[in-house]
Amino acid sequence: MGILRSLTLLLIALASVLSLPATAQDEDPGEQLLFNLAEAPASKVEEAINAIVSSGDERARGWIEAYGNNRLSRIKDTGQVVLVLNNRGRDWEIANPLTGENMGDMSRRELDRVAINNRIRGQLEGILAMLDLNAADPDVREASAQDMMGKVDASLVAPLEARLEQEGSARVRNRIEEALAIYRVGEGNLEAIDVLAGSLHPRARAALNEAVRGDNPALATKAKQALGTIEQKLKLNRAAETLYFGLSLGSVLVLAAIGLAITFGVMGVINMAHGELIMLGAYTTWGMQQLFPGQPGLALILSIPTGFMVAATAGIIIERSVIQYLKGRPLETLLATFGISLILQQLVRTVISPQNRTVVTPEWMSGSLVINDALSLTLNRLYVLAFALVVFATLMLIMRKTRLGLEVRAVTQNRNMARSMGIRATRVDIMTFALGSGVAGLAGVALSQLTNVGPNLGQNYIIDSFMVVVFGGVGNLWGTLIAGLSLGTINQLLEPWAGAVLAKIIVLVFIILFIQKRPKGLFPQKGRAAEG
Amino acid sequence: MSMLEQLTHRDRVFDFLAPVASPVDVRHGPILYMEGVNVSFDGFKAINNLNLTVDDGELRCIIGPNGAGKTTMMDIITGKTRPDTGSVWFGSRHNLLTKNEPDIASLGIGRKFQKPTVFEALTVFENLELAMATDKRILPTLTAIMKPEYRDRIDEVLQTIGLQKLRDKLAGILSHGQKQWLEIGMLLMQKPRLLLVDEPVAGMTEQEMERTAELLTSLAGKQSVVVVEHDMGFVRSIARQVTVLHQGSVLAEGTMDQVSNDPEVIKVYLGEEE
Amino acid sequence: MAISQNWLLRPFQERSTQIFLGVLFAALVVVTFLHLFMPQDSALHVSAYTVTLLGKYLCYALLAVAVDLVWGYLGILSLGHGAFFALGGYAMGMYLMRQIGDRGTYGDPILPDFMVFLNWDELPWYWLGFDMAWFAFIMVLLAPGILALVFGFLAFRSRVTGVYLSIITQALTFALMLAFFRNEMGFGGNNGLTDFRDILGFNLRTDATRLGLFIATGIALAIGYVICRAIVTSKLGRVSIACRDAEARTRFLGYRVERVQLFVFVVSAMLAGVAGALYVPQVGIINPSEFSPLFSIEIVVWVALGGRATLYGAVIGAILVNYAKTVFTGVMPDAWLFALGGLFVLVTVFLPKGIAGLLQKRRKAKTDDDTPTGQEATA
């Protein structure tokens, strides 16, 4: 134990020096350090490690790790210390520990492993952790402190406390305090439980559970209370997480449905190829990434306008070539556009591939936003949620505040009257359909970040989209937003106890029944005009 | 299985002359009674505290500018629209607010739509056949047979509305005026106690209008008729009692002369029309 | 015109029904003759494979007639008729599974193979009774009938019609598909029901049974056709058309539109169930893909191609499209979806009355020449 304590104290004293780069002009001091370690007899190994750690050398971590893994060897002939990269087979791949330069293969007979005994090995983890705890990067320090939770022993208490006094970052301090508290609870310290009661980390809970089972009654009671508090907080966090996943799924539904809310809801055109317009948007993203290899972020951002244009153009073609001839015949429109959806799917299968394509998630969208130990929000979903809201707000603005929106509303309410007032109804039809289709393309761009991009992508969303629009009340954009978000949330709430498939079935059946009860959805349009 | 059973009852008599549903009780006054009726669509008051009574056997004309609430009033009486408040009675026994359209129709209220609505894919004869007052439940309809007396009754009505020659033509090929007549004929087949007629002469020639006026006046007495019409000449030719609707409530009521001299009415409606 | 007053006999006096039944029975007789009495190597010989293929087409034809009844005459575009077809098929499949007995891979006398595989101890309650043919055959009618009754009752009562109804029927079949994919449902999950041995004691793998099933399907189609024809030529049929074209008007005449719709919808669902039940022993498998929305919407295009509101058009459409499908998927499988998609568009835009519309036009032109007052009861 002695070695650790003295070593870590030393380390902390050296903490300020740590950031300095290793000074190696003429002769690398690392060479001597490694040589000493390799030469040291069993009794002197501690000293040699001590020297390496306290040297402040940036490479120290790698060396000690290699030492612990039996990957530090000496070349018998020259006595040079090397890192063994691969120790399978007869020839081992080795590297220079000072420069990292690969030295190729060498027969294992020519190498001599630097010996390590089990006592030292047992301490290496702690040594490494302390090394990390003194790293310059607070993230590394935090991870290291988190790693120590539950592993703290008596020898680490003093160095940790010392580190705590120096530590500037609040989250690292919290971690160290928690790690210490776990140790102290084990020692029967009542106050330490208060510290753990504020933690959501599983190891804190494990320590408290152990205290409950332990033979100290006062400790057990208090630990039990603390566990209760934690459980409450966990419940809240789980609820928040479900809500987040629900809103995320909901935002996907909203994105998929909002274009339909325009073409179906406002114009009354049943476009069964809507899903395939979404698919086109997703494939546009894939295509852009092929155009800009290595720059997925740029490609994704460029996909937003491009995906819109591609889907809008496809929409215009569909409108001009088929839908305009089926005005006032909704059931025929439904069938014809379904046919178009089949053609588009098969087109993608034939031209691109029947297999799914991989769309890369740019770095700034991957990973997650960590709120606490029990709750972290995946960034890609967060972006999609925000994107959905932006798209919705923009559409709202277009429909409410622009000339186009006014004309659309005029044409849908009374086509002939609108025409006689000089509105070119046909042009409005085209523009509206293009807008709805373009939004479907945007949905595809966003979906490419969440799901597989394949020819069946659209099919998976078309029924859901229609359900959302109908549930929300046809012709009501707000209804679509609320319906989408709430259906997503309901689905996620059901999932834990019903399973994904059953949850979906339940939601579908729920909507089917709901529509029977209120055929006009959540937010119906009232009045004589709506009767038509 | 019960379908097959019905087959054995081919000789069952469905007397179309039998009184439909429970008889309307008019001993204690009017056949139609509306009180304090209010309807609003999204904040717009289509009907505003409407009170209206129609006596048994009366021929009543309802006039009023566009948006006065005439069609909505019809919708309420026939069960298509439910008012927010108020009461609507058919005779003194039937609360119409508790009934749906088919129930109300079988009680004996017939309606002619503003836009002539006939079944265009069926022949004139078949249109009248469907309107005939018979058992309108599913199985009786499925096994229904065309009895000679039914045929006679239909031919009689065809005669009345002057469409004998078009008997077996699809209703879709009829002219606008002929469709109006067919729809009136369908009303006659229903043998209703109360006829609601929405703009019966729109699109008719002078001659056709005259005959329509004749027909409607001849019906009054046996049946009660409520006519909604824009054509002032037509209203003048048939009206005994006129009600003026304005902004969802009754503005004036009386004979045509009384009403057309009412300064209020002249201001909102007649003044602009004549 | 001496119209019989009995609603069930009325169709037989109609020219179109006589022609239809004549052609159908002639086809049955010819196929049977060519199959039984032509030598194997003759060009005129109809193989057992072809007989079964034709039987499959006839099942589809019956299904199409059922869809035409609700779509053509009632104006209800059901995008979920595949569900009724599949339910009838599953009822039959359950009977056939129970008939396997202990001849399955695991040799369990009661439990079908997939249940043994899933380590189930006993038959779920809803499988009880399916070892008896009469019970299973009643369920072929009842299972789709009850679903249609409940669904239709709710939908028509709240006046869900038009596109809305189409969309929720599609959602219905989609939900059922998801449900039947689940192993826990007890219908064989993904794989469905298969490996059938015999039906009513006849070995399903013999040519004689296949021919028998083909003939049975032909007869079922004839009966189904006559029932539908009887309905549409009755006064109720005219009321249906009235509901289709002017729902509100029909209501004001005193008809309970929702009951008319419900009655016709349930009859149609039952016919679809029968079609499914005859389909399963001929193709030898039933799985959840029959519930897929694509299949249901495909049925609609058969009817659209053949011509709505004619019944015989539905038969023509179903046979033509499925024959084309057989040919395409054999020769150039990739092109099939293009062809099907194109068909959807072409029929709706250029041929709204379908093939039957073309036939009627020609016939009308002819009769107009012959007799100026030709009055054919056109639907």
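1. Chain A against chain C. In this predicted model, 34 residues of chain A are in contact with 37 residues of chain C. Contact means that two C-beta atoms, placed from the backbone, lie within 7 Å. Helices H15 (330–351), H20 (459–472) and H22 (500–517) of chain A each give at least two residues to the side that touches chain C. H15(A) has the largest share, 14 residues. Helices are DSSP runs of H or I with at least four residues, strands are runs of E with at least two, and both are numbered from the N terminus. By class, this side of chain A holds 26 nonpolar, 5 polar and 3 charged residues. Ala, Val, Leu, Ile, Met, Phe, Trp, Tyr, Cys and Pro count as nonpolar; Asp, Glu, Lys and Arg as charged; the others, Gly among them, as polar.

2. Basis. The model is predicted: local features need pLDDT of at least 70, side-chain atom pairs count only at pLDDT 80 or more, and totals for chains, interfaces and linings use all residues. Residues are numbered from 1 along each chain as its sequence is written, with chains lettered from A and ligands numbered from 1 in the order in which they are written.

3. H22(A) on H6(C). Helix H6 of chain C spans residues 162–181 and packs against H22(A) at about 155°, with the axes 9 Å apart. Axes are lines fitted to C-alpha atoms, for helices over the stretch in contact; angles run from 0 to 180 degrees between N-to-C directions. The pair is therefore roughly antiparallel, a label for angles over 145 degrees. Among the residues that meet are A:Leu508 and A:Ile512 from H22(A), and C:Leu172 and C:Phe174 from H6(C). This contact has 15 nonpolar, no polar and 1 charged residues.

4. Annotated spans. The unreviewed UniProt entry marks "transmembrane region" on chain A, including residues 382–399 and 497–515. Such annotations may be inferred rather than shown by experiment; feature names are shortened and positions follow the numbering used here. Residues 382–399 of chain A are 100% helix and 0% strand, with end C-alpha atoms 26 Å apart. For 497–515 of chain A, the values are 95% helix, 0% strand and 25 Å.

5. Chain B against chain C. Here 26 residues of chain B are in contact with 26 of chain C. Helices H3 (101–107), H4 (124–131) and H5 (138–142) of chain B each give two or more residues to the side that touches chain C. That side has 12 nonpolar, 6 polar and 8 charged residues.

6. Chain B itself. Chain B has 11 helices and 10 strands.

Conventions
Parallel < 35°, antiparallel > 145°, perpendicular 65-115°, else oblique.
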